[in-house]
Amino acid sequence: MRILYIDTSSNYLYSAISQNGQIITEIKKELGHRLSEEALQEIVLMFEKAKLRPHQINKIIVVNGPGSFTGIRIGVTIAKVYAWSLNTKITTITSLEAMMLSSNKNTYHVPVIDARRGYVFAAIYDNKYQEILKPQHIKITELEKHLSKINKYEIITNNQIETWPEKETYIPNMKKIIEYFKDKESISPHALNPEYLKLTEAEENKLV
Amino acid sequence: MGKENEMYILGIESSCDETSVSIVKNGTEEIATVIASQIDIHKVFGGVVPEIASRHHIKNITIVLEECLHKANMTMEEIDAIAITYGPGLIGSLLIGLEAAKTLAFIHNKPLIPVHHIAGHIYANSLVKELKFPLLAVVVSGGHTELIEMSNHYKFKKLGGTLDDAIGECYDKVARVIGLEYPGGPKIDKLATIGKKTYKLPVPLRDDSYNFSFSGLKSAVINLVHNEEQRGNKINKENLATSFQVVAIESITTKVKKAIIEKKIKNVIVAGGVAASQGLKEAMQQLANELNVELSIPPIKYCTDNATMIAAAGYYAYLDGRIADSTLNAKSQDKLI
């Protein structure tokens, strides 16, 4: 069983291929604005290094958001076209779930992604990784109200978050993420879309 | 290649608000094309909203790919190369087609051919008849107004272009001012066939260059409408459409005439969305007859954004040795060279 993992929801490209539960090759690289040029190239090189061809992958796990809109679309487009073209099984997880799994502490896990203007994308999970507050676009002050009701928790952020002072920088444990989600139900590539958790500004203005 | 001298290119276009995939044989024969248009989605916003466009491209991309292969009754294995619009256009929109094309090229081990959107519009004509050189391409659309000279296949030289707004943009703006729904350009063209030239508008940029300018004309129309409204006069939409169109088209034909004579042009082609304008077609035909040059204007289906033209251009780009690797990036602005 070979699984390909792709996450381009932040400034970083996180990608790996696992074989029977072991990571055989992986990328953790800050690409920033070069994500569109280099993400696929890095993945191509990863396949070459592992001496694998795309059809030898049995399943893809792709992070479909929330996070940078453009960033998410790069990884999701690659994964979606890949899975459609080769009929590869595919499933999605959120960036917040990936962040949650990087923590081993016996507390509540609170992954937080900066969404600017006093907002964040966030969720709350308990120490058994069960969802307490579902992933959402939320005002920091609102999130703080939720946090005041739980006692021990850990904030996990995915990059230089400016809206949150005490930060625990996130480095994904891709082996753990893949193992945890390897049996998650597959979906049709046509139905695979980013999870933005936020309307576009044009749509928001239309609603006002 | 499948058979000798047969090259099937799969083209992908997503530079604005149309997700399109097409398969073209040898740059001239359309096998199948699918276009998912977002016009109705953007209508309520009065124009294309880039973030919304990107969201729809990613939603549609594999469905459009599948439909196109199905329509052509082909598989990816039978495709010889992938052609992709890398720019210019809306960056978020371009990226969806680009990542899709790069992924397909990687997975199926096919050459990846980068195609400039304007080259696509020009090569829409090669789906209709053979291009003859030296050629003058008159590129008129919502994003472009350019005169391009071609000495041979894929040898482009820009003679001039708009210094401000594109002609199609100006059409849409004028339409908006007189209360026509987006996209209003085609509606202006239609109204112009019934109106008379009664309003006086300035002819833009009467100079010796091959450049255009439409912002002055646009402002003149807006001011005229506002002044008339303030005076309590009703605008005659048909007459305003005609008055505007006559001036806009005249500014194009004047520069085209100059280019045909000075550059000894044999074949004039009109490309881009505004090529669908009846008014422009008639004016260009008259000019072509007068100067005895061959004129070609593609049918409407090839005038608006589509992947057929990208796959067609891709063939000639391939023959010109233009192959990209998986580091190909989208460019919102890029010169055609």
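Student: What makes β4(B), helix α3 (residues 91-108) of chain B and β5(B) a right-handed β-α-β unit?

Tutor: This is a predicted model, so keep that in mind throughout. With the strands pointing away from you, a right-handed crossover runs clockwise from the first strand over the helix to the second. β4(B), α3(B) and β5(B) make a unit of that hand.

Student: How do you know that β4(B) and strand β5 (residues 112-116) of chain B pair?

Tutor: Pairing needs at least two bridges between the strands. β4(B) and β5(B) have five, in the parallel sense, so they pass that cut-off. One place to look is I84(B), which stands opposite P114(B) in β5(B).

Student: And what makes strand β1 (residues 8-13) of chain B a partner of β4(B)?

Tutor: That's the same test: at least two bridges. β1(B) and β4(B) share four, again parallel. I9(B) has A81(B) in β4(B) as its bridge partner.

Student: Why is strand β4 (residues 81-87) of chain B said to be largely enclosed?

Tutor: A residue is buried if 20 or more other C-beta atoms lie within 10 Å of its own. Seven of the seven residues of β4(B) are buried, so the strand is largely enclosed by the rest of the structure.

Student: Is I310(B) buried or exposed, and how do you know?

Tutor: Set the count against the cut-off of 20 or more. I310(B) has 35 other C-beta atoms within 10 Å, so it's buried. The residue is found in helix α11 (residues 308-319) of chain B.

Student: What does I310(B) touch, leaving out residues up to four places away in sequence?

Tutor: G11(B), I12(B), E13(B), A83(B), T85(B), V115(B) and G120(B). I310(B) and V115(B) are 195 residues apart in sequence, yet 6.5 Å apart in space, C-alpha to C-alpha.

Student: Why does Q333(B) count as exposed?

Tutor: Exposed means 12 or fewer such neighbours. Q333(B) has 8 C-beta neighbours inside 10 Å, so it counts as exposed. You'll find Q333(B) in the segment after α11 of chain B. Leaving out residues up to four places away in sequence, Q333(B) touches G87(B) and P88(B). Q333(B) and L90(B) are 243 residues apart in sequence and 9.0 Å apart in space, C-alpha to C-alpha.

Student: What makes helix α5 (residues 167-177) of chain B mostly covered?

Tutor: Nine of its eleven residues are buried, each with 20 or more C-beta neighbours within 10 Å. Among them are I167(B), Y171(B), D172(B) and V174(B). What covers the buried residues includes β6 (135-140), β7 (145-152), α6 (185-192), α7 (215-230) and α8 (237-262) of chain B. Just after α5(B), G179(B) takes a positive phi of about 80°.

Student: How many residues are in contact between chain A and chain B, and what makes them contacts?

Tutor: Contact means C-beta atoms within 7 Å, and 26 residues of chain A are in contact with 27 residues of chain B. α2(A) gives the most to chain A's side, with 13 residues. That side of chain A divides into 14 nonpolar, eight polar and four charged residues.

Notes:
Residues are numbered from 1 along each chain as its sequence is written. Chains are lettered from A and ligands numbered from 1 in the order in which they are written. This is a predicted model: local features need pLDDT of at least 70, side-chain atom pairs count only at pLDDT 80 or more; totals for chains, interfaces and linings use all residues. Helices (H or I, at least four residues) and strands (E, at least two) are DSSP runs, numbered from the N terminus. Two residues are in contact if their C-beta atoms, placed from the backbone, lie within 7 Å. Ala, Val, Leu, Ile, Met, Phe, Trp, Tyr, Cys and Pro count as nonpolar, Asp, Glu, Lys and Arg as charged, and the others, Gly among them, as polar.
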